[in-house]
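Hi,

Here is the structure you asked for. My notes follow below it.

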Amino acid sequence: MKDREQIAEALAKSGYIADSELATAISLMQRLRRPLLLEGEAGVGKTEVAKALACVHATELIRLQCYEGLDQSATLYEWNYQKQLLAIQAHRGDADSIEDQIFSEKYLLERPLLAAIRRDKPPVLLIDEIDRADDEFEAFLLELLSDFQVSIPELGTIKATSIPHVVLTSNGTRELSDALRRRCLYHYVDYPDVERESRIIMARIDGASASLSLQIARMVEGIRKEELRKVPGVAETLDWAAALVGLDVRDLHDVREIVHETLMCLVKTREDKGRLTREVAERILGKVA
Amino acid sequence: MSCCGTAPAFDEIDEVSRLVSGKLAAFLRTLRDNGFAVGLAEGQDAASLMTSGYAARPGLLRSALKHLFSARKSDWEKFDGIFDAFWLGKRVRSRSFASGSATSANNPSLKSLQEGAQQGGSQSATDQVPSADDAPASQDGEGRMEGASRAENLIEVDFRKLADPEQVAQAHEAAAQLAKIMRTRLTRRDLARRQGHRLDLRRTIHHNISHGGVPISLVKRRRKDKPLRLIVLLDASGSMSLYTGVFLRFIHGVLDEFREAEAFLFHTRLAYVSGAMKEKDTARALDRLSLLAQGAGGGTKIGESLQTFNRWHAARVIHSRSVVMIVSDGYETGDARLLGREMAALAKRCRRIVWLNPMAGWEGYAPEAKGIKAALPYVDLYAPANTLKSLAALEPYLARL
């Protein structure tokens, strides 16, 4: 399929280096009009996929960050109470007419999900960390994703003017329902291999040379093989690369001291810091050509 | 959108030859046999993909179908093997299971998998069903239900009297099921019970339009309680060895189903095992744990283990709605006074301490061990836990918290 290569290219232009499987997933997502569920460890670039996708389609990115206790008024719509109260105060007439007035579009506050289905141009809807929301929200979301319509008791049913490109991400802190999983295309985002990671570094960090990027990617790969509690993701790699570039490093072997001091960009718990001692870091660095 | 066993009807797709659609239907059946949740809609999407040119390039088709049919990481990982076996006729490398886990000793699920495939009548599928990999997935399907129904007569049998490996497996299954049920009930009761007083502006305004917008009758919103957090400390010492298997399964179920749960294992030292237990595949989780659990032998230092817990973990894992569940026989080989002190410290932190003692269910047992004597004053519920029934009896207690 041609569109697959085109997608990979377009993603690369927007700064996201995708593997061919992800490109397939995105081309399927458009062909079958299904949401895409991305799972993977924290910091492997799940959210970035949605951002890059919005960039590719040159459309708006609407993001809904999930958390426990998320409800309809935070995700779908809310009435503008202050305005409603003012309108009631100002109005001196019969109750019926004011009721129609204050429960109209003018007093409606759009929240991400409603916004996403009312755009003229289909936006990218990113539902981030869906596993943090509770089961009730998941059930509600399922309904929205299958019908793409919303009913507001005071206003009636609102149908989607355009079907958004939906991307869901999950860190796997909670098991998602089978129904939701079945509706979605699934892609597991893994840590990139050395070659891809070095390309990512070059694409994202200005001033990172090809040889340094490759060294950094190899080093990070070595660190990931250690038994760490929190394995560094791509985001951490980029932080570290930015730090090294900022310190004007050209070759990791020349600046062992700086390498050791900047490892805090990668290692985020006390336990892991204890494990990644100077000797271990030296050993990994030794293997990096 | 029911996911019934029959093959999707492809009448409307003329381009797909009868042969290909038949083969696709067989493939869907193979996937279902392997625990994939594949519905009619997916089958139709797959057919339309095949007509639109994907079928000509197997590599691409595999990648496309993988996204379409997989729903979780375990599916994702085994899909390629199943696809290759089915469409390309390659043999699948079988992953060997580490021996010593509770369920891998005899592998009934594999047998039932093959039987199921034969009953399905798709000859092409049976030959090439990949081996060991898929055992856990099929347990999710038929295997588990079988276990639950047969387990009824096991419900009052003491765990240590279960000898037959099949019975043990059933008890494990039932323990995992029980953990699941407990969770659902707990949350439902939570909903029914919820109280709180937050103003619901939306309804208030709606109700008070007739008063000219002056909010006279207020509408309140009831708040949902935070879910209970369960922290399990399991004694994995030699004296408990007959019970650890069942409780590990129970804990695995609890971690899987409770929104908030943490697990620790202790014998002469304390180990944080939530990470290993989060593994969805039970057999693999238990394998990872067996390393930790085998450190037993020297005896039980409950006091020291609790000290470690209080010092390093308590602040992080315990909040105001936490219940600490200690599963131990209370045979302390360390200092019993230390145990008393640490229990006092723990009692100050959490809402309830439940102590489950498998031996308390034995006839003529009295809590005479000095460890348990030192700990009992701080325990809110001291209960036997040597049968499935006694585990089930805990649920109403936990629901009241």
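How exposed is Arg62(B), by relative accessible area? Arg62(B) is partly exposed, at 25% (buried is under 20% relative accessible area, exposed over 50%, partly exposed in between; 1.4 Å probe, protein chains only).

Ground rules first. This is a predicted model, where local features need pLDDT of at least 70, side-chain atom pairs count only at pLDDT 80 or more, and totals for chains, interfaces and linings use all residues. Residues are numbered from 1 along each chain as its sequence is written, chains are lettered from A and ligands numbered from 1 in written order, and side-chain values use heavy atoms, without hydrogens and water.

- Arg62(B) pairs with Asp80(B), closest N and O atoms 3.5 Å apart. Arg62(B) sits in helix α3 and Asp80(B) in helix α4 of chain B, so the pair ties together parts 18 residues apart in sequence. Helices here are DSSP runs (H or I, at least four residues), strands likewise (E, at least two), numbered from the N terminus.
- Asp80(B) is partly exposed, at 22%.
- Arg283(A) bridges to Glu226(A) at 3.1 Å. They lie 57 residues apart.
- Asp335(B) and Arg337(B) meet at 3.9 Å, N to O. Arg337(B) is exposed, at 65%.

Last, helix α5 of chain A. Tyr81(A), Gln84(A), Ala87(A) and Ile88(A) are buried there. The face turned away from the buried side carries exposed Gln82(A), Leu86(A) and Ala90(A).

Best wishes

Key
Salt bridge = Lys/Arg side-chain N within 4 Å of Asp/Glu carboxyl O.
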